[in-house]
Amino acid sequence: MPFTLPPLPYAENALEPHISARTLSFHYGKHHQGYVTNLNNLIQNTDFEGQSLDQIILATANSLTHGGIFNNAAQHWNHSFYWDSLSPQGGGEPTGALSEQITKDFGSFDAFAQLFKQAATGQFGSGWAWLVMDTDGTLKVTKTPNADLPLAHGQKALLTCDVWEHAYYLDYQNRRPDYVEIFLKNLANWDFASKNFDQR
Ligand code: MN3
């Protein structure tokens, strides 16, 4: 099988009390695994077999005939990126070059955080909130519905928050704003975002 579930970068209970082991167990072991399994089944004996995940995503984005492949490939990409966007030692603010760029493009970290909260809570239904580097090199906060992702728009993802209900419902029920607040305060992995920024 070409695609496999990447190892979680921490134990399933490492994000408690902010995200429970029960949530991570379902989210990683059932939801993410489901996207990987579906993707492998859908690309079997097609031209996509043997292509990289990024190649498959770019080839199927906006496709009328390969929507299922795009959705499962993109969700595999998104979730792999989301696990790294979380850290037991997360939260706070970035430092160094990323911190300077955030101040330059948003005015302040607090202004960025407000935009990120608005994007994450304002995404109607399922989707993702992102910090991205846009095609012109500036940082932007975006939101994408369902499986859609920055890669399909020529943008480089730096950090993401999954706002599908399965990401928070067991712990926060309908209180998505509380989950997003905790994501920024306690979980956001700025070392990972900085690493992505430095690779620009
Ligand atoms: Mn999810």
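How much area is buried between domain 1 and domain 2, and what share of it do carbon and sulfur atoms give? The buried area, defined as the accessible area (1.4 Å probe) that two parts lose on being put together, summed over both, is about 1900 Å², and carbon and sulfur atoms give 68% of it. The structure is a predicted model, in which local features need pLDDT of at least 70 and side-chain atom pairs count only at pLDDT 80 or more, while totals for chains, interfaces and linings use all residues. Residues are numbered from 1 along each chain as its sequence is written, and side-chain values use heavy atoms, with hydrogens and water left out.

Domain 1 spans residues 21–85 and domain 2 spans residues 96–198, with bounds that come from an automatic or database domain assignment. Their C-alpha centres lie 20 Å apart. The contact (heavy atoms within 4.5 Å) takes 21 residues from domain 1 and 26 residues from domain 2. In domain 1, the residues that lose the most area to domain 2 are Phe81, Tyr82 and Ser85, together 30% of what that side buries.

Between the two domains, 11 residue pairs are in polar contact, both residues being at pLDDT 80 or more. A polar contact is a pair of N or O atoms within 3.5 Å; within protein, one must be able to donate a hydrogen and the other to accept it, and residues adjacent in sequence count only if both atoms are side-chain atoms. On the side of domain 1 that touches domain 2, at least two residues each come from α1 (21–43), α2 (53–60) and α3 (67–85); helices are DSSP runs (H or I, at least four residues), numbered from the N terminus. Helix α3 gives the most to this side, with 11 residues.

The structure as a whole holds 4 salt bridges. One of them joins the side chains of Glu181 and Lys117 (3.4 Å, N to O). Glu181 lies in helix α7 (residues 176–187) and Lys117 in helix α5 (residues 109–122), 64 residues apart.

The manganese ion has as protein donors His27 (NE2), His79 (NE2), Asp162 (OD) and His166 (NE2), at 2.0 to 2.1 Å. Donors are N, O and S atoms within 2.8 Å of the metal (3.2 Å for Na, K and Ca); water is not among the atoms, so sites may look incomplete. Along the chain, the donors follow the spacing H-x51-H-x82-D-x3-H. His27 in helix α1 and His79 in helix α3 are 52 residues apart.
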